[in-house]
Structures are given as structure tokens and as C-alpha cells.
Amino acid sequence: MAKNLLIVESPAKAKTINKYLGKDFEVLASYGHVRDLVPKEGAVDPEHGFAMRYALIDKNEKHVEAIARAAAKAQSIYLATDLDREGEAISWHISEILRERGLLEGRNVQRVVFSEITPRAILEAVARPRALAQDLVDAQQARRALDYLVGFNLSPVLWRKVQRGLSAGRVQSPALRMIVEREEEIEAFKAREYWSLDAQLAHAGIAFTARLSKLRGKKFEQFDVTDAATAHAARASLLAAANGRLVVSEVVSKERKRRAAPPFTTSTLQQEAARKLGFATSRTMRVAQGLYEGVALGDAGSVGLISYMRTDSVSLSAEALDELREVITREFGAHALPEKPNFYQNKSKNAQEAHEAIRPTSALRTPKSVAAFLNDDQRRLYELIWKRAVASQMIPATLNTVSVDLACGTDNAFRASGTTVVDAGFLAVYEEGRDQKADDDDEQRKLPALKIGDAVPLADILAEQHFTEPPPRYSEASLVKTLEEYGIGRPSTYASIIQVLLAREYVLLDQRRFRPTDVGRAVGKFLAQHFAKYVDYDFTARLEDELDAVSRGEEAWVPLLQKFWTPFKQQVDEKTGSVERSEATGAREIGIDPVSGKQVSVRLGRYGAFAQIGLKEAGDTPRYASLRPGQSMHTIALADALELFKLPRALGDSPQGEAVSVGIGRFGPFVKQGDTYASLGKDDDPYTIDLAQALALVQAKREAAANRIIQDFGNGVQVLNGRYGPYITDGEKNARIPKEREPASLTADECAALLAAAPFRPKRGAARKNAKAAPAKKTAAKKAASAVPANLATPTRKRAASVKKAAARKTTTDTSAPRKTPAGKVVAGKRAPVKRVVPGPGA
């Protein structure tokens, strides 16, 4: 029997660590979080000191039971979950569960932390345990409570004012605001025309270009030439002044040093993996988690290849520095090694928790040496981390920048710049990526050797038209960078924030850039207008600062929550009653229908954005039409909106004399022929589809329907081809067909017997309908069933999908305070699916 129980978060980590500790240790995994707030109102009770009511997470109950059984037999318990706030909180939750079950009495319970999964790190951690850091636990609880309070109170406002199934979050909402504001900048942008003039030159067999820097004695600015006529006139005068050559008037050469970027933090790893590997933030974190927890390296077994991947630190341990310097000397020579190790300072506003940067656990494991044991994603990410860490400890690159002025006559000049690499230094290993590549990247341009007085033959002068461009939409890398610069959220949460925005369909990825949907814009603008303080970047960053202060023991968490909660709840109550839905959704009047003379507007309905002709308030019977994919209610013009009302569209008659038409319904565009409806394909356009295409769709639909029936006995019993294979049905019950029987050979009696033996399952939705019809009873089960989903609060890390229902399962709490449910609180149902349809009246 093992004397010691060590608890980690993941089974992969448990497997790797287990072989390091020997038979005196049993290593078990909690499989992530073991408890979460109960998914209902009152889980955080502001009236009683923000008491938090927890319940075991369904899917992890069996793992908790295994831990409890092992704890009952162990002499010492080591809590070895991750070394950040989340990990500290998981350890606290495990210890609370064991304490409530009386399993801590007489046992030594200690906390151990490590930033890498190697034999040395694990053994050192176990040899130097500590107590639970209550300040970190309090900070995490405060963060979770804030997320819950924002989600459970602000999300229902969005349901009533904008659309069902939406969510707001403490960090999610400022991130959405960023994306929406950038889109508005792009739409408001007015392009300006300008012209550049570039000299085409060659010297000593090397062709190069020089850009006009002085025209008629004055410095040439970007908007000095803004039309073709002026540009071509300037070109003609420059060609005449040059007389076939430019003369070098000045050469300035400057040597400079460029220092390597620091080793990765969570944020910079996400940014670089997005730029260089095309990884989404969630993909980066998933792959990094696997590299951290351990990869099987042949005879060496499972080995953790990188240090902990949730960190703000750019520092490296003395052992890591020694090994990196050894690798640099071996791979790149002693001249590539600085006299002393390179040290870096954190730039992150909320940098916290003095961990190490992300690095290889052993730099001696080169990417080439482990490549055979890694999948493609692991190989690429490990190579990125290894190269960045190695480069960070190499000498700076030495660059020589040359700037050459070339006279064109007496009053004009061109300038050419270029850079040569004198000593590559760290650039021999790694160069940091950029979000945008400069058009005139001097470091990529080579110049010939030039000296003052050299006459350089002029081949031509090119006059080129340009237009200023709007700011680009955010990519994952640039969004993460901006969030970090503002101090919003934690790097470990950026992946989950982005996933929530995508899952809620607040944003779409368009060419790997975030574009807000109409729903996202409505939510972003509504929150910015009516809850401006709570989506303000500075306010959100200050709140992060205060949470950091809690983690350092400098501030108490309950007063922090109280300071946030009182004005927030007051504003929620006020806006719930004062804001009109049309205002909240961003409805726009875009003109008058020339045929009917009625007002045309665009609005946001249950199933998305739609155009409307007429107003119910004016006594009209409005007509509705869904916007097409790619159209936005914020930018659509009147002419485009009127085009939408050409549906339903008559296409003609079939050979059988049936009318054929095309329209858009609840489930998308469709063709109708007689009583047959057929959905359009993804490449079919309801506005352009012709009669022949429509008839082909209907024919295919009818053939599919005919092929669906294997046998029909005429008494309501049929043998059908279904989605999961053949089955028997009488319209009320379905029965499986024995594997050994051919469906077409079944008799009516055999089908009746199989149906009689089959269990009765109510049709989808019937149970919900019956539940609504039943008399209301004030039971805990009913309250739990009607509770708001827990996932509306912005997650701080990916959590379990479900938590035990409070009525059916025993919950635990860290307080004895009674629960108080705010009066008149509206609870929510499930989120409605988002579909492109024609909204009905009142949408």
C-alpha cells in the first residue's frame, strides 16, 4: 500500500510523474476542476458575504471518489495541481472535499508546485512542500464570483433586449467591444489618393530603387501629389532635370545592434504560433499542454518537453541558462555566446506569479532529436519554443544601415536605404514575427557600394497611384497582443475568450481576421452605450490589478466584490426597464420603398438580421426578408434591401404542370414544386437559380424519398432507410432490425413483433411540452431545471460542460449562510439556434 498520495490535474501528467516517485507514492488525477458553482441563481450570494455554493462536477465524480478512497489509506497527501491561481484553487477544492468527508484528520496535507515535469523538478518539489496559498485561492474565487455575477445578471438583459441565448462576460465583453470598434473604424474610413515617384537605378550590376524625398526644393510629403496629372507632370520634370542620371550627394552608414526577443510567455507564444504556424490560440494551448504533460520518447518513456505554459514571466532558471549556453556553444560556436546570460524585464502590465518563461525542459533535446516521437503540431510548436529560448541567450545581431541621397538636378532628390547583416547573432536561429509587413522593409533591401559623387544611370521614374488603407481587422495574434497591452484578462484565458466569441457567433473568422456579426455588433454597441463602465478598457484593467492585489495578500476579496456589485446591480435593474428593444438591437431606417411608399428598415430578430417594409405602429402589415450571407444590417443600402423582397420568386411550371417557386424559410432557402420542398445547396443562390436547376433539386429530393422506403405494409408499418441504417416504424414507435436479417425480407408479423418488443420513447420535444403542461410545483428539482446555464459567465479556463443539479445531488458550500434569491429574477431557457430565416411579425 502506498504511504503517500499525490494529486495532479491530468492523467497524462500522472502517468509521467508516477514513474519518478516510486512505490511509496500513488499518483492520481483530478481531471481538471472537481467543483464549480451550482448552475443557478444564488450560487454567489451578495447578501451574505458573497457566499459561494459549490457542487461536484458530474463527469469528475468518479475521479473524486477514487481520490477519496486513496486518501483514506494514505498517510500523507500532496496536492500537486498546476502552479497558477487555477491550480491553487483546484487543490483547495480537493482539500475541502476531503475535509468535509473527514479524510484529513491525522494526515499530513501539503502543497507542491513545479514548473516542469522532470525527475529533478518533481523530486525537489516533493522535498520542499508548502501550505496552500490562501491569497491565490481568494483571488481565483473573486475572479470566478465576478464572472458569475456579470454573466448571470447581464446576460438576461441581453436576452430581453437583443436576442435569446446571448451572453456577456467581464473580459469577453471588452474584447468584443475592441473588435466592434475596429469594424466601425474601417467603415468610417475614407481612403485618400496619393502618388509616389520611384527612380529605377542600377550600379555595379545591382538594380535598386530610390524614392523621391525632395521636390522643387521642398521635402516631399505623402500627400503632396494626389492626382494623376500632377504626378505625371512631376515625373516629366524630374526626368528632364536628371538628364539620364542621378548623382550621389550623401552616404550615411550606421551600425546598430538588435537584441533577441525574450523567451516565450503565454501571450507571446500564442501570438507567434498564430503568425508563424497559423495556430488558433486554443490549438496552441492544447498542443503546449501535451508537450508539458509528457510525450513518450521511446525507451526514455514519457517526458515533459516544455515548462509550464501558463506564465507571464520572461525569466529563466540558472540551470536552464547553463544548459542553453552549452547548446549555443556546441551548435553555433563560442563567438555566438555573450559573456553573461541575457536577462529580460516583463512588459506585461499585470505580470504576476514569478514563474519561469516557457522553455524546453532540456535544451539538449533539439527539435531534430525528438521529431520522430512528435506529431506535426507538437514538432512545429516545440521547434518554435526551443528556437526562441536558444536565441534569447545569444549575442545581438549586428546590422549596418546605409542611407543614400541622390541628387536629381539642383532642386530634387531621391533616397535609397538598405541594411546588411554584419553578424547574424541570434538571427541565425530565430527572428520574431510581425503582424504586418512594412512595404518598404529596409532590412530586406540590398544596395550596391556607393560613394559621394558617383553618377548612377537612371533607367526610369515610376509614378504609382496609392490609396490609404483602413486599419486591419484583428487577427488572433493582434487581438491577444492588444488585450495584453491594455491589461485586460489573463493570458491563460485568451483562448477561452476567443472561443466564446466564436461559439456565440458574435464574431466570424474572415481570412483569419475577426469580423463582428450583426448580433455581435448589437451586443457590443448595447453594452458600450448602457454599461460603458463595465466594458471600459481601463476599468477592466484596474479590476485585474485589484485581483492581482488579492493574490498578493494586499487586498481582501469580499470588499472588492462589494465595491463592484452595488453599482453594477443598480445599473442592471435600471437598464432592464428603461431601454427599448429596437434601440438595443441597433435597428436602422434606411429609406422609403418606391412602390408602396412605406418605410424600409433593418432589424435584428430571433433568427438574425432582416429587412422590413412598413411599420405595425403605422397600421401596416409589414413584409420581411432575411439578409443574405455577407450582408450586414449596419451597412446595407436601400437598393440592396429592396432586392431581398423579390422572394418568393415564381420560376415557371414543371412538365407535370405544377408551379415551381423559390423562397427562404425557417431552415434556409428552398424550392417548392407542388407539395414537395427541396433545400438549395450551399452554392445555390435563391435570387439567381433557374427553373431547370430547381426541377433537378426536386427530382433528387423525390428520388431520395422513394429510396427511403424499403417496405410498406399498408397498415402504417414501414421498413425505412434511416440516418443510422434501416429500421421499422409505425409512426409511434421505432424498432431495430436484427443484424442477421435482410430488411427487405421481413414480414408484417415479424415487424409487428419487433415493434411490440421495442421500448417506447417519446418524440423529441414531447417531454418538454408535457412538463410545461404539468401544474407548477415549488420544488428544488423545478428550480434547478429552470436555472440559467452556468456557461454564461466568462470562463477563466475550459471547464466541465455540466455541474450536478442542486435538487438531485448534495451540494457543498464554504459558508453556512442561508441562500437568498433576488425577488423577481427572470430565469432563462436554452439558447435558440441561430438560423437565417424570414422573421415573422414581432421579430
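This briefing describes a few strands, helices and residues of the structure above. The model is predicted, and local features need pLDDT of at least 70, side-chain atom pairs count only at pLDDT 80 or more, and totals for chains, interfaces and linings use all residues. Residues are numbered from 1 along each chain as its sequence is written, and side-chain values use heavy atoms, with hydrogens and water left out.

**Strand β6 and its partners**

- In strand β6 (residues 76-79), Ser 76 and Tyr 78 point one way while Ile 77 and Leu 79 point the other way, and all are buried (under 20% relative accessible area, with a 1.4 Å probe and protein chains only).
- Strand β1 (residues 4-8) runs parallel to β6 and is joined to β6 by four bridges, and Leu 6 stands opposite Tyr 78 in β6.
- Four bridges also join β6 to strand β7 (residues 108-111), the two running parallel, and here Ile 77 stands opposite Val 109 in β7.
- From β6 the chain crosses through helix α3 (residues 85-100) to β7 in a right-handed β-α-β crossover, meaning that, with the strands pointing away from the viewer, the path from the first strand over the helix to the second runs clockwise.

**Helices α3 and α5**

- Helix α3 packs against helix α5 (residues 134-161) at an angle of about 100 degrees, with their axes 8 Å apart.
- That angle makes α3 roughly perpendicular to α5 (65 to 115 degrees).

**Ala 477**

- Ala 477 lies in helix α13 (residues 476-486) and is buried, with a relative accessible area of 3%.
- Ala 477 and Leu 269 are 208 residues apart in sequence, and their C-alpha atoms are 9.4 Å apart in space.

Methods
Buried < 20%, exposed > 50% of the residue type's maximum accessible area, 1.4 Å probe, protein only. Pairing = 2+ DSSP bridges. Axes fitted to C-alpha atoms, helices over the stretch in contact; angles between N-to-C directions. Parallel < 35°, antiparallel > 145°, perpendicular 65-115°, else oblique.
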